[in-house]
Amino acid sequence: RDPASRARQPSAMILLAASLPILLSAGALLFLKQSAVRAGLLGLLTALLVALAIVPFRLTMEGMGEAVLRGGLTTLIVAYVLLGGVLLYHVMRLGGALEALSAATARAIPDPAHRLLTLIFGVSVFFESATGFGIGIVVCAPLFLALGFPPLRAAFLSLLGQCAVPWGALAIGTTLGSELSGVESRDLGIWGALFSFPFIFLCGALALVVGGLWQPLTRRLLQLLAYAALLVAVLAAVSRWLGVELAGILGGLAVLSLGLLCGRRALKEEEESLSRVLLLRALAPVVVLVLGLLLTRLLPPLAEWSRSLLRLEIERFDYSLPLLYHPGFWMVVAALAGGLLLPLPQREIPRMVQQAGRQWLVATLAVAGFLCMAQVMFDAGMVTLLAQSLTSALTEDFVLLAPFIGALGGFLTASNAGANAMFMQLQTSSAEALKLPLEPIAAAQNAAAANATLASPGRVVLAALVTHCGGQEDHLMRRGLLLVTVGTGAISLMLALL
């Protein structure tokens, strides 16, 4: 490099200061085994200190306050989902719906491996695609518990269901990435399906290993390949011909149909009659949730009405939270429907509400710490400096680095849209400057960012919350980060081979 270029490079101390909030918060979780609340608070305080004391990142007190407020407003979006998710879980647990659904799943798909792959690639992908915000975790984690998996395993299995997040929340992150990069969302969806295949396959393989269902090996690999290939093929085909918004929903339904087809068997008439009554009551909250979400997403007049009726808006921050359109609203409605339709023991309801409120508060505080930390780092320029420094240091190997930049954003924000807002323009600008093909780079950013949300503090806390294994977030994050690293490395390799 020429002397002027070297002079523009930030010093090692500046780079260390920029990365310090991430290093300390992740270290507190992974090595010191601190709670997610403490780790998030430590990361936030560190980011504020760096923004206060280090010149390149210095923010005014007003600037730091605005960054924290922006992070808090983003937390409201997640907290809304957490509230609905916790209430729905406790209502279904107390009303016996979880046991009924797990029993019905076992009867409909008696083979444990088919059942596990159907839940991860079918049910979880469907709910995550229809709603986003980790709802696939909220729906599937209790089912894994009811099927007999220990809490920690159930939490990790529910995280593995976050394998198709590029199409989560009706592909809102992919759509944003398309707007920022100038690449058609259709192309991002097709390339994203290609880049996501190794990650999806790996998630399924880990699910079989964690579930103790990997033998006989040849048979399980063929089953896994069939499910993963079907999901990826539908994701790519629907992205190409119908649009990315419906790709995840239809992909999840396709896998669910395959699982039911493979598990089909005749039931005795009496058993079927009894199971229908119990199953209909158990499904009632889920049906309310699915209908509310689909109707407000697929019917334009109803979508517009629900978006505009009740909105929390702050023009200064370009912030808008449609309270009736948001998935959290329909989860609360589903919980209320479950309270009316399921046989809840009246004496247990006050304790249930108290327990749910306590869990929701702890989870919300944990997520708030990390989101506010990420916002302070972004506003102060720490995140951009880290990405630019890595890109500059490895100019010739940018294609290998680009997915890891995207993964960093996904890990920090727990949001594909948030990560694309942080890094998509940086990625595409770098690709154009280096005369690299734009579509694969943009798609790699999108896919890697989405995949990395699996190990993000927000999703890990949610999985631990629903499965009652709080305090073991470090185990979940350590396993998730290893999986994300391997999956991101696969995207890098695929980019290099193009």
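Is C163 buried or exposed?

Reply: Happy to, and please keep in mind that this is a predicted model. C163 is buried, because its relative accessible area is 0%, under the 20% cut-off.

C163 takes part in no disulfide; the nearest cysteine sulfur belongs to C203, 5.2 Å away.

Now for the neighbour. C203 sits in helix α10, which spans residues 185-210, and C203 is likewise buried at 0% relative accessible area. Leaving aside residues up to four places away in sequence, C203 touches L160, C163, L454 and L483.

Beyond its sequence neighbours up to four places away, L157 touches L116, I120, F144, F149, A207 and V210. L157 also belongs to the largest nonpolar core, which has 132 residues; F57, L116, F121, F144, L157 and L476 are the members that touch the most others. Helix α16 (residues 349-380) contributes the most to this core, with 13 residues. There is also a second, separate core of 17 residues, whose members include L188, A402, I441 and A443. In soluble globular proteins, nonpolar side chains tend to be buried together.

For contrast, some nonpolar side chains are at the surface. V209, W214, L217 and L221 make up a nonpolar surface patch with about 380 Å² of accessible area together. Of these, L221 lies in helix α11 (residues 217-241) and is partly exposed, with a relative accessible area of 41%.

Finally, a word on charged residues. The whole structure holds eight salt bridges. One of them joins R186 and D187, whose closest N and O atoms are 3.9 Å apart. R186 is partly exposed at 35% relative accessible area, and D187 is partly exposed at 23%.

Key
Residues are numbered from 1 along each chain as its sequence is written. This is a predicted model: local features need pLDDT of at least 70, side-chain atom pairs count only at pLDDT 80 or more; totals for chains, interfaces and linings use all residues. Side-chain values use heavy atoms; hydrogens and water are left out. A disulfide is a pair of cysteine sulfur atoms within 2.5 Å. Buried means under 20% relative accessible area, exposed over 50%, partly exposed in between (1.4 Å probe, protein chains only). Patches are made of residues with over 30% relative accessible area and no salt bridge: like charges are joined within 9 Å, nonpolar side chains (Val, Leu, Ile, Met, Phe, Trp, Tyr) within 5 Å. Accessible areas come from the Shrake-Rupley method with a 1.4 Å probe; for residues, only the protein chains shown count as cover. A salt bridge is a side-chain nitrogen of Lys or Arg within 4 Å of a carboxyl oxygen of Asp or Glu. Helices (H or I, at least four residues) and strands (E, at least two) are DSSP runs, numbered from the N terminus. A nonpolar core is a set of buried Ala, Val, Leu, Ile, Met, Phe, Trp, Tyr and Cys residues joined through side-chain atoms within 4.5 Å. Contact means heavy atoms within 4.5 Å.
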